Every structure is written in C-alpha cells, then in structure tokens.
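Visitor: I would like to go through this model slowly, with the terms settled before the values are read.

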Amino acid sequence: MIHKTSPEIGGMGHPIKRKEDLRFIQGKGNYVDDVKLPGMVYGQMVRSPYAHARLKSINAEKAKKLPGVLAVITGEDLAKANLAWMPTLSHDKQMVLATGKVLFQSQEVAFVVAEDRYTAADAAELVEVEYEELPVLVDPHKALEPGAPLLREDREQKDNHIFHWEVGDRQATEQVFQKAPVKTSVHAFFPRCHPAPLETCGCVADFSRATGRLTIYMTSQAPHAHRTVFALVGGIPENNIRVISPDIGGGFGNKVPVYPGYVCAIVASLTLGVPVKWIETRSENLQSTGFARDYHMTAEIAADRDGKMQALRVKTLADHGAFNAAAQPTKFPAGLFSICTGSYEYPTAFCEVDGVYTNKAPGGIAYRCSFRVTEAAYLIERAVDVLALDLKMDPAELRRKNFIPPEKFPYKSSLGWTYDSGSYEPAMNIALEKIGYKELRKEQEEKRKKGELMGIGISSFTEIVGAGPAHSFDILGIKMFDSCEIRIHPTGKAMARMGTKSQGQGHETTYAQIVAQELGIPAADVTIEEGDTDTAPYGLGTYASRSTPTSGAATAVAARKIRDKAKKIAAYLLECNENDLEWEPGKFFVKGSPSTAKTIQEIAFAAYTNIPPGLEAGLEAVDYYDPPNLTFPFGTYVCVVDIDKGTGEVKVRRFIAVDDCGNIINPMIVEGQIHGGLTEGLAIAFMQQIDYDESGNIQGGSFQDYLLPTAVETPHWETDKTCTPSPHHPFGAKGVGESPNVGSPAAFVNAVVDALSHLGVKHIDMPITPWKVWNVLKEKGVA
Amino acid sequence: MAKEQLVSVKVNGREREAYVEPRLLLVHFIRESLQLTGTHIGCDTSHCGACTVLLNGKTVKSCTMFAVQADGGEILTVEGLMQGANLHPLQEGFRQEHGLQCGFCTPGMLMSSYALLHNNPKPSEEEIRRGISGNLCRCTGYQNIVGAVQYASAKMAEADKAKMAEEVAK
C-alpha cells in the first residue's frame with residue numbers, strides 16, 4: 001500500500017499539473033534548433049539518389065567556390081581519421097559517409113559546412129557525385145536466395161544473412177504440433193514505419209580549441225551512452241566531452257541511435273574550431289534515421305479442440321536494411337520478441353528470427369516499444385483471433401480459457417521470462433462490459449443480415465519493459481542500470497538529477513512526485529534536471545518504458561537513503577533514540593507523541609547548521625539501481641469499427657483501453673501517455689508505412705505521403721484501469737508509455753478482420769488503407 | 001545571393017525590421033532574425049503546422065511564405081499570447097487539461113486554436129478537431145488539446161460575461 005500524501009505534498013497518485021508546461025506554453029522551451037552560439041555555422045548532408053550504386057567520384061570544387069562555404073567533408077576524408085565507419089548498437093558497423101558504394105537511397109555521401117543554412121543547402125546541390133548503379137534488393141526473402149547480389153562487401157561473410165537467433169524447445173514444440181488436433185497459422189507482416197517525432201534529429205557540436213572541450217547539444221534519448229560512444233569512437237577523453245540533451249520534441253525511439261549527421265558535425269567543429277549546427281529536414285529524418293518493425297512473421301498455434309493452447313511456434317524474417325543499426329540490448333538480436341507467448345499459458349514454445357540486409361535505410365529501433373515487443377504482441381493477438389475463427393469460438397472466451405491464471409505469478413514462460421505479476425481476466429472483463437460486448441455481438445448479427453459491416457476487435461496484451469537486470473542487459477557492454485542523485489538544500493528544497501531523459505513524458509513532474517512521496521517535500525519544491533552529462537549521474541537513458549522502472553526506482557531508493565540519514569538527525573534534534581521515531585511523509589515524530597516531531601525541512605536545515613557529532617554534513621544521496629527483473633504491464637483493448645462498403649473506409653466507432661501498469665505516479669500523465677500511444681497505434685494500423693519500390697525508391701519519405709493522423713481521423717479514446725503492482729519495484733510501478741502502442745495495433749486489425757470474417761477473411765496486413773479493404777470487398781463480391 | 005531587402009513588421013505589438021535575403025522563409029525570419037524561437041519547424045512539406053503564426057489576424061504556416069511577403073504586416077506568435085503577467089486562457093487550458101507533452105507542436109496548436117476561437121468562440125468538438133487539423137501532434141492523441149480549447153472557450157465566455165455585467169453596472 002502506498003501512503004497517500006496530501007495534495008500540498010503531491011506524492012504518488014496525485015494528478016498534479018506538469019512543471020514543464022509553463023515554459024512550453026509560452027514558447028520558451030529550449031530545443032536543439034533553438035541553440036544559437038557565437039560564430040555558429042551550418043552543416044548540410046549530400047545524400048544518394050540511388051539505393052545501391054558504386055561511388056565513382058565526388059567533385060566538390062564548385063561547392064567549395066561558393067562564397068560562404070567553409071568545408072566539404074567526404075567519406076575519404078573521414079577514412080583518414082578512421083571515422084568513415086562507426087559501430088552500431090548491434091554488433092555491426094555503419095558508414096558515416098559513403099566510401100566505395102552506397103547501400104540505400106538518401107544515404108549520407110558528403111557533409112557541406114557553410115556560414116548559413118541557405119548557403120549550405122545551395123552548396124550541397126553543387127557537389128557532383130558520379131554513381132554506377134548496382135542491382136537493388138528490397139525483398140528480404142530474395143536477399144537470402146543463392147546468387148542474390150552481395151550488399152555488404154565489407155564483411156567476411158559473403159551473403160546477406162546477418163544473424164539467426166532462436167529460443168525455446170524446437171523439438172518438443174515439433175512433437176506437440178505433430179499430435180495436436182487443431183493447428184492454426186497466420187502470416188503477418190509488420191510493415192516498416194518510422195516514429196516521426198515532431199522535432200527531427202539534430203545537434204550543435206561546439207569544440208573549443210582553447211579548452212579542448214567538446215560540447216554537443218543533441219536530440220538524444222541517451223546522453224550518457226552517447227558521450228561514451230563519442231569518446232570510444234572519436235578518441236576524445238570522456239571528461240572533455242559534454243553532451244547536453246535540452247528539451248526534446250518527442251523521441252519514440254528515433255533519438256536513441258548515433259546518426260552520421262552528429263558525427264559529421266563533430267568532425268566539422270573539431271576541424272574548423274567553431275560551433276557547427278546540423279538539423280535534418282523532415283524528409284531526411286524519415287528517409288535515413290532509424291526505422292522500426294519490418295518483420296515478416298509466421299505464428300502457428302497447436303491447440304485442443306476445445307481451444308486450450310498447447311504450443312506456439314514463431315518464425316520471422318527481420319529486414320534490417322543496409323546496416324544492422326537496431327538499438328537494443330547486446331544479447332538480444334531480436335530484442336524482447338520472445339515475449340510472443342503473450343498473456344497465455346503455453347506449455348511449449350519455440351521462436352526463431354533471421355536478420356537480413358536489404359537496400360533500405362538502417363535501423364530496427366524500438367518505436368514506442370521495448371525492443372520488438374510491439375511485433376510480438378501484435379503477432380500473438382492476431383494469431384489468437386485466427387485460432388478463434390478456426391475453432392468458431394468467441395475470441396474473448398478463447399482468451400479467457402488460456403490466460404495465465406493469477407495464482408501462477410511470478411510466472412515462468414516457456415520462452416524463459418519470469419512475469420512479475422498479472423491478473424488478466426479482470427482487465428478484459430472491464431473492457432468487455434464497458435464496451436457492451438454482448439450487445440455489440442447481437443448488433444453485428446443484425447447488421448450482417450442487412451449486409452452492413454461492423455467488427456469488434458480485442459487485444460489482451462502483455463508487455464515486458466524496464467530493461468533491465470545487469471546480469472542479462474547491456475548496451476555496448478554498459479549494464480542497463482539507471483540512476484538518481486538527490487540533494488536537499490538547507491532550506492528544505494530539493495534538486496534531483498537522473499540518467500534518463502524526458503522527451504515529453506513529464507519527468508520533471510513525476511520524478512518530483514516520487515521524491516515528494518518518499519520524503520514529504522512538496523513536489524513543487526523539487527527541481528528535476530536531466531540531460532546534461534556534466535551534472536547528471538550516469539545512466540542509459542529513456543526508451544523501452546524504462547524510466548519509471550529504473551530511474552524512478554533509483555529515485556525512491558536514493559530518497560530512502562536520505563530518509564535514513566534524516567532519521568539520525570531527527571533523533572539528535574529530538575534527543576531520543578532512532579528506534580523511537582516514526583515516519584509520516586514530511587516528518588519524523590516520537591512514537592505515541594505526534595507533536596514531538598521534526599519536519600524534513602527542519603532536518604535539512606540541521607544537516608548544514610547543527611550537524612550531529614559523528615555524521616557528515618549535508619543531505620544527499622545517489623543510487624544506481626539495477627532492477628532485479630523486468631516489469632510486465634498488461635491490459636485489454638477493445639475496438640469497434642464500421643466499414644463503408646462503397647469506399648472501404650474503416651471508421652473507429654469506439655475504443656476502450658483498460659491498462660494495468662501497477663501503481664501510478666500521476667494519473668493525468670498516465671492517461672495522456674495512453675491517448676498518445678493509442679493514436680500512434682491507430683496510425684500504424686491504418687496509415688503509416690515506409691515502403692520501397694523495386695528500385696529502392698522510398699515511398700513515404702515525407703509528410704506528403706507518410707500519413708499521420710490529425711485530430712479529425714483520431715477517435716475519442718476511453719480509458720480505464722486495474723492495478724496489479726510489480727512485486728519487485730520499490731513502489732510497485734511498471735511503466736506505461738508504450739503499452740498503448742504495443743497493444744492497440746492488434747485491436748484495430750482484429751476489429752477489421754472481425755467485420756469481414758463471415759466473408760472468409762482471416763487476415764489483412766497493416767496499414768489497412770481504404771484501397772486495401774475495398775479490394776478485399778471487391779474480391780468477395782460485396783463492394 | 002540576391003540583394004538583401006528590408007522587411008518591416010509589427011510582431012507581438014512591437015515594430016521590428018531586418019535586412020533579409022528575398023528567399024528567406026518567414027519562419028526563419030521569425031526564429032533567426034527576430035530570435036523568437038517559440039515558433040517551430042517540424043516538416044518541409046507544410047503539413048505539420050508547428051510553424052503556425054497569425055499574419056494580419058489569419059493563421060499562416062510561416063514555412064510556406066517568404067519574409068518579404070509579410071512586409072508591412074502584423075504578426076502574432078506564441079510569445080505574444082500572454083496578457084500582461086497572466087496566461088492567455090488557451091495557455092491556461094493547455095496546462096490544466098494536459099494538452100501538451102513534448103511541447104514541440106504546442107506553439108502552432110495554440111496559434112491555430114487562437115484563430116479558431118476568434119472566429120468561433122463556442123466551437124463544437126467536431127469544429128475544434130477540424131480547426132486544428134492543420135497541426136500535427138505526435139504525443140497527445142489530440143483529445144486533451146480538444147479539452148484545452150473547450151476550457152479556453154468557457155473561460156473566455158465567462159470573462160466576456162463579467163465584462164458585460166461590469167459595463168451594465170456602470
């Protein structure tokens with residue numbers, strides 16, 4: 001049980017207004033492109049128009065002659081400093097600027113630096129690059145065929161295969177499948193998409209020749225990790241690098257990797273000795289920075305005739321583009337995709353993934369997702385619906401029959417995860433009741449008689465977030481702990497810093513609430529600072545819903561360390577034994593005598609003015625928190641759609657999301673996260689796709705054709721919750737930012753398929769555009 | 001580079017002028033020449049609306065016009081919304097209703113909402129959704145932005161009523 005603090009203190013559970021809002025609503029945020037330094041110049045990328053081509057020559061003479069141009073950097077220049085390639089986060093390397101050949105359209109070929117943005121853009125147009133086209137591979141299946149053109153000539157391995165990864169018991173699973181009375185399967189492609197945060201990526205690299213220090217203002221979700229990467233790759237002493245991640249205009253995983261633009265701006269600043277700004281355009285952002293998904297998946301379920309699931313088998317081909325730049329923990333080439341058994345009890349399971357290269361932009365980043373969890377949740381929730389169709393069973397009943405029962409937690413899944421806590425049926429019951437499931441099924445029956453199309457889609461997802469325990473999780477060898485440092489000032493106000501970095505999640509508010517909860521100092525008196533590697537303790541950053549499970553936990557533990565010391569000070573001030581003291585948020589009091597008390601503010605003052613003998617001055621603590629396990633948020637989403645037979649347009653009539661993320665810090669912020677994630681899920685299900693034509697030309701490379709929902713397409717979201725705290729997290733929280741994006745795509749697609757299932761439709765791949773639906777209707781003779 | 005031209009505008013009630021390249025976009029003029037960085041750039045195809053400002057009372061996407069086209073005009077940016085030391089009801093609404101997360105789309109959203117309420121003080125939910133459909137938000141799912149505009153609409157109606165009552169009393 002969490003002790004409820006007063007609204008004045010504003011600890012856990014209070015919907016307090018966000019501290020960060022005041023500057024944003026006045027236009028006083030400080031995003032990277034707002035940083036303007038004296039003498040600052042601008043960089044612009046020259047990019048390849050071809051998806052696969054030999055680089056014959058680069059002639060920068062005309063560009064260099066343009067007044068205002070300071071430098072043109074090419075791959076050959078970088079090669080001299082051993083910087084033409086850089087390591088990715090996935091045991092691969094990536095070209096910073098192309099040497100020898102280009103491997104995807106819009107690949108970085110040269111970097112032009114000029115006195116202003118416009119001149120830099122003009123000069124980039126004047127760089128003459130000669131290419132010789134090579135055969136292009138866009139289909140990952142074809143990339144594995146014998147005789148396929150070799151994309152990565154730099155590797156010792158002379159084919160396009162990157163990795164094979166498997167988990168579970170192949171043989172035992174095979175045996176179950178041989179005997180199972182019911183076998184069902186679905187091929188589901190999770191299309192390539194892009195997080196497209198509203199702010200693109202960029203940086204200002206500022207190397208001072210006078211001090212030897214390099215300051216990099218950058219759009220970074222992981223400033224400390226990036227500092228270490230720059231130190232290791234660039235050979236600059238790490239104490240001479242300062243990464244500042246100022247206000248970030250959305251990240252969603254897009255701002256985890258290191259991109260060539262950052263490296264080029266740094267090289268340019270080192271070379272020229274002036275600050276260099278590089279801000280990518282939206283089109284550059286969509287075409288070259290970390291994409292997500294692109295998983296070609298097959299799921300097979302073996303089951304009894306009454307619907308009890310016996311085994312799951314999953315086979316996936318993962319398209320990683322030209323370089324394996326997936327941002328994920330080192331030991332997990334397919335991320336946490338093995339959460340694909342989902343909310344169900346599978347005695348046996350087997351999952352395998354093969355990664356391949358194609359002539360597409362590199363990536364494989366975790367787009368509002370804890371490393372491939374979105375793909376896994378979508379696949380299992382889709383497969384369960386197909387099984388329900390095959391068995392002619394109600395999809396809700398089938399789920400109910402197979403949920404991991406609450407008494408089995410902590411639950412060890414057949415693919416090796418230990419789910420911390422869960423209670424799946426109550427969340428589904430609330431969702432079904434709120435949406436009026438039974439009535440909707442009746443309505444559907446009536447409508448079908450009239451030839452009208454409506455569908456109900458259910459998704460009962462389980463997530464795995466909060467990476468993660470140091471024994472299994474690291475990025476480039478750095479363990480995935482996270483941190484918090486709290487300082488209580490003499491007047492009882494506090495400053496806390498973390499190794500994570502908010503990109504809109506509201507950390508300045510929620511972390512302050514954790515401190516308020518633990519120490520009773522009003523959240524209004526607690527300032528949170530993140531993103532400056534000179535001041536914040538080391539941490540791995542914000543992605544994979546890990547801030548609350550890791551830095552949030554560190555905040556609570558650091559606060560408890562402070563409380564321990566505060567207790568000693570209080571005992572000294574009250575002239576009593578420590579053991580005679582009791583705590584309530586904000587003060588220690590003598591047991592049985594509540595008025596004999598010292599407030600945390602009085603204790604803080606004493607920590608600097610009246611220090612007990614034998615104690616150090618000050619009231620501060622640091623904690624580096626290594627979570628004992630991951631956390632497993634879950635929920636049930638139900639979606640109702642109506643389909644226009646004339647146009648194929650799908651209209652979301654209602655959508656209810658019941659989430660369980662354990663104990664909640666700020667319900668207003670949690671609800672906001674859910675709204676946002678559902679909207680991105682809607683976009684993925686119906687609109688967003690980065691596609692390529694046969695020549696490797698990007699389709700969806702600007703907002704003109706990469707469709708994002710506006711307020712008009714976005715439905716009204718209904719939310720509710722259950723609360724099953726995490727047993728191992730210091731205050732029972734689990735993380736929520738990604739649940740709605742992980743859980744919702746299946747709900748949308750299941751609803752559309754449900755509307756068409758009586759016509760024999762079992763699956764439609766995302767994005768479900770009106771054109772796609774209209775074609776299905778036409779094929780079935782009902783358009 | 002073509003010869004620089006003088007652009008004079010009234011921005012947030014203040015006369016400002018600068019010599020600019022004729023092809024300088026209005027958004028760069030606002031952000032870089034005038035150093036009002038509240039107005040943002042989120043795309044290169046005029047879809048996102050982060051750069052929305054008011055020019056002579058009408059919303060424009062300031063990435064889609066040249067600074068020279070605004071010469072002699074009156075511009076309102078997010079920095080001009082405050083009413084003295086007080087937040088504009090829209091700013092208050094965005095905070096009260098949790099109508100923002102990363103804050104990047106917020107200035108554009110505020111300006112579009114400002115124009116919407118100016119033309120239609122009591123919009124329906126559908127009208128609000130249509131009114132802000134030129135602005136993309138990746139964080140909020142729009143629902144709380146709709147709530148923020150409704151909050152402001154109610155607040156402004158209340159203020160108008162109080163003002164009228166005051167005048168009647170006189």
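Guide: Axes are lines fitted to C-alpha atoms, for helices over the stretch in contact, and angles run from 0 to 180 degrees between N-to-C directions. This is a predicted model, in which local features need pLDDT of at least 70 and side-chain atom pairs count only at pLDDT 80 or more, while totals for chains, interfaces and linings use all residues. Residues are numbered from 1 along each chain as its sequence is written, and chains are lettered from A and ligands numbered from 1 in the order in which they are written.

Visitor: At what angle do helix H10 (residues 373–391) of chain A and helix H11 (residues 395–402) of chain A pack?

Guide: Helices here are DSSP runs (H or I, at least four residues), numbered from the N terminus. The axes of H10(A) and H11(A) lie 9 Å apart, and the packing angle is about 110°. That makes H10(A) roughly perpendicular to H11(A), a word that covers angles of 65 to 115 degrees.

Visitor: Which element gives the most to the side of chain B that touches chain A?

Guide: The contact joins 42 residues of chain B to 41 residues of chain A. Elements of chain B that give two or more residues to that side are helices H2 (89–96), H3 (106–119), H4 (125–131) and H5 (143–169). The most, four residues, comes from H2(B).

Conventions: Two residues are in contact if their C-beta atoms, placed from the backbone, lie within 7 Å. Angles under 35 degrees count as roughly parallel, over 145 as roughly antiparallel, 65 to 115 as roughly perpendicular and the rest as oblique.
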